[in-house]
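Hi there,

Here is the structure I promised to pass on to you. Have a look at it first, and then read on for my notes.

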Amino acid sequence: MLRYTTKRLLGLGFGEAQSPAAQLLPRLYHERVVDHYNHPRNVGSFDKSDPTVGTGLVGAPACGDVMKLQIKVDEQSGKIVDACFKTFGCGSAIASSSVATEWVKGKQMEEVLTIKNTEIAKHLSLPPVKLHCSMLAEDAIKAAIKDYEAKRAKSGSNSDTAPAEKVANA
């Protein structure tokens, strides 16, 4: 009797058209999103006063996602030696942050500036409604590099400002 009533309520019985409630299917995320959400890489934070650390803090007020991404740079080589993040938001935002930290490690800052949100979205197979999450990740990377370059310029240890100009123009 319960099965019959449930089918009638959902419009599943007797060849009838499905009701809108029955047509709602759970959103299925790509396995990479689920993996990065369940097992995020590089969660944490560095001391933001450290001169080798750049911090990018970005947010999307429309959806409530806030992302803090930090990079640690080897001043001699200019390579990003470590990265971490803390994100308050949906699974796609957390996965985008996790992917971004993996992609920036071991790369030169100029190379990291070429990472685009479309690449992150494609890698995670994000649905169109979640593209803002990959945009936040790209913005966080740029903000972290800009912060690092600003620290270097302030301390006077950098006469080369080309990466900072690239971030400002991006």
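Predicted model: local features only at pLDDT ≥ 70, side-chain atom pairs only at ≥ 80, totals over all residues.

Let's begin with the core. The largest nonpolar core has 30 residues, and the members that touch the most others are Ile 71, Val 104 and Ile 141. Several elements each give at least two residues to this core, among them strands β1 (53-60) and β2 (65-73) and helix α4 (91-104). Helix α7 supplies the largest share, with 8 residues. As general background, nonpolar side chains in soluble globular proteins tend to be buried together.

Leaving aside residues up to four places away in sequence, Ile 71 touches Phe 46, Thr 52, Val 53, Gly 54, Ile 80, Asp 82, Ala 83, Val 104, Ala 144 and Ile 145.

Now for the outside. Leu 57, Val 66 and Phe 88 make up a nonpolar patch on the surface, and together they have about 340 Å² of accessible area. Phe 88 belongs to strand β3 (residues 80-88) and is exposed, since its relative accessible area is 63%.

Finally, how many disulfides does a search of the whole structure find? The search finds 0. Take Cys 90: its closest cysteine sulfur is in Cys 133, at 3.6 Å, which is too far for a bond, because a disulfide needs the two sulfur atoms within 2.5 Å. Another cysteine, Cys 84, counts as buried, with 5% relative accessibility.

Happy exploring!

Terms used:
Residues numbered from 1 in each chain as written. Heavy atoms only, no water. Patch = residues over 30% accessible without salt bridge, like charges linked within 9 Å, V, L, I, M, F, W, Y side chains within 5 Å. Areas by Shrake-Rupley, 256 points an atom, 1.4 Å probe, with all protein chains shown as cover. Salt bridge = Lys/Arg side-chain N within 4 Å of Asp/Glu carboxyl O. Helix = DSSP H or I, 4+ residues; strand = E, 2+ residues; numbered from the N terminus. Buried < 20%, exposed > 50% of the residue type's maximum accessible area, 1.4 Å probe, protein only. Core = buried A, V, L, I, M, F, W, Y, C linked by side-chain atoms within 4.5 Å. Contact = heavy atoms within 4.5 Å.
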